Amino acid sequence: MTPQEELPFEIEEFERLLQRPNSDPTGFSGFFNSGEIWVARVPARLDVMGGIADYSGANVCEAVLGRGMLMALQPRTDRTLRIRTLQVGKANLPVETRIPLDYFTSGDGLCSYAEMRTLCHTNPLVSWAAYIGGSIFTMLKEESVKMPYGFSLLLLSAVPMNVGIGSSAAVEIGTLTCLNAYLGGSLDAARIAKLGQMAENHVVGAPCGIMDQIAITSGRSGKMTHILCRPGTVLGEVEIPSGTGFVGINSMVRHSVGANPYSDTRIGAFIGKKMVNAIRAETGRGALDYLTEISVEELGKQYLPKIPETILGSEFLAKYKTHDDPVTTIHPDATYRVAGPTRHPIEENERVLKFMESIKAAKSGDEKALTKAGEMMYAAHESYRTNCHLSVDEVDFLVEAVRKRGPKAGLYGAKITGGGTGGTVAVFGKLAALDEHIPQIAVEYSRRVGDMPDIFQGTSPGAMEFGARRYNFSAGGWRGAQV
């Protein structure tokens with residue numbers, strides 16, 4: 001980020017609160033001292049296309065939103081992590097906890113991921129701290145990093161949690177980016193994203209893919225990021241056609257990738273891959289690393305006729321022993337859907353490629369290409385709904401409200417995002433149409449649910465594009481500069 005660029009909202013809000021006098025309890029009095037403060041700012045992400053196909057090795061297309069969250073770090077003289085979270089935008093109470101660094105150790109070294117996960121979830125009132133503490137623990141565990149002392153860490157968020165816009169990944173990437181900058185580390189975007197995913201998988205305990213972490217780390221303002229999740233490589237950027245854009249509408253149905261519907265869908269996909277590989281082995285073919293290595297046509301002709309709609313966990317385990325997914329567990333008495341979760345990522349992978357082709361074709365003003373891109377979004381939503389059972393009535397209402405207006409009104413497509421089961425709906429359309437119709441849809445939706453939904457719009461720098469800022473206190477007060 002260059003000094004001439006406008007500072008993101010979260011940085012402006014942080015600086016406003018930082019300048020408040022010590023006598024003002026609504027500022028940071030008693031939390032930060034006059035020492036140096038390091039700050040990283042990361043955006044929320046909008047899952048335009050790809051979603052839950054990421055863990056099956058799909059291509060995905062992700063955008064960064066205009067709002068996100070900020071992590072501020074100041075070293076302490078003791079061995080304690082003091083963590084405070086604060087939501088901006090509405091009057092609310094900060095939440096705080098402390099983690100002694102000695103809790104990270106066991107014997108002469110660091111404790112295991114399982115021990116750290118247990119620690120973070122023993123008290124449900126502070127389980128949110130797993131995203132921050134778990135990210136720091138993961139960096140210590142995986143990198144040659146030493147921390148002889150602790151930090152005061154402030155999370156300042158301008159987006160709600162658990163609404164399907166990558167807020168958990170943003171916390172992880174914000175923490176890792178800020179700590180890496182302070183330590184003078186050389187971790188690149190790919191490594192930071194991987195550490196964030198590891199923290200969420202092994203400490204938080206959520207079986208997410210790496211899509212969110214890469215999108216937030218490598219995304220750039222005004223661009224969509226094309227990622228191939230095998231396991232996670234940025235293949236390029238997709239220019240948003242002039243005069244069009246994407247917004248998110250919060251269904252206000254709380255979403256979590258740790259919830260059973262998402263986990264069961266993931267398990268179903270891995271069960272399906274195990275069955276596909278067993279069929280391949282019968283004919284002397286090598287095993288797939290990812291489901292999306294096969295085409296929709298190949299799936300339909302060679303594999304789907306032999307894959308059951310559902311299977312009991314104990315029946316699968318008796319025949320196949322394991323589904324080869326290290327972050328989910330099959331329960332013997334649970335029934336898992338298999339055919340739908342297997343079909344979804346393979347079909348979605350092809351939809352994503354067609355979507356990006358259409359978006360690129362639409363740069364020349366091709367209205368049919370814009371409509372085709374929107375059709376891919378509607379098809380993705382339908383697959384979430386029918387193949388994965390991950391949509392809900394409220395989300396379907398929002399998607400249909402966009403579809404009813406359609407291309408004639410300048411709205412091309414809409415779909416559920418991320419892990420589903422609520423969360424945020426992504427909408428694609430002309431900028432003028434979004435400005436006109438999204439507020440109308442929000443009002444219609446508020447009559448249904450009794451509250452006005454959040455609208456997430458705009459674009460902003462990803463973690464690496466923004467970098468970090470350092471604040472120093474002097475006679476003139478706090479002064480910040482880009483590092």
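How much space lies in the largest cavity? About 30 Å³, where a volume is the space filled by probe spheres set on grid points joined across faces, edges and corners. A cavity here is a set of points on a 1 Å grid over the protein atoms alone where a 1.4 Å probe fits but cannot get out.

This is a predicted model, in which local features need pLDDT of at least 70, side-chain atom pairs count only at pLDDT 80 or more, and totals for chains, interfaces and linings use all residues. Residues are numbered from 1 along each chain as its sequence is written, and side-chain values use heavy atoms, without hydrogens and water.

Select Y55, S56, A269, F270, K273 and L291, which line the largest cavity (an atom within 4 Å of a point). Four of the lining residues are nonpolar, one is polar and one is charged.

Next, centre on L291, in the loop between α7 (260-282) and α8 (296-303). L291 counts as buried at 1% relative accessibility (under 20% relative accessible area, 1.4 Å probe, protein chains only). Its contacts (heavy atoms within 4.5 Å) include S56, G272, V276 and I346, not counting residues up to four places away in sequence.

Now show the open sheet of four strands, in the order β13-β14-β10-β15 with antiparallel pairing (strands are DSSP E runs of at least two residues; two pair if DSSP finds at least two bridges between them). β13 (411-416) and β15 (455-456) stand at the edges with a single partner strand each, so one side of each has no neighbour in the sheet. Finish at L411, opposite G429 in β14.

Conventions. 1 Å grid on protein atoms, 1.4 Å probe; cavity = no way out; pocket = protein on both sides within 12 Å on 5 of 7 lines; lining within 4 Å. Nonpolar A, V, L, I, M, F, W, Y, C, P; charged D, E, K, R; others polar. Buried < 20%, exposed > 50% of the residue type's maximum accessible area, 1.4 Å probe, protein only.
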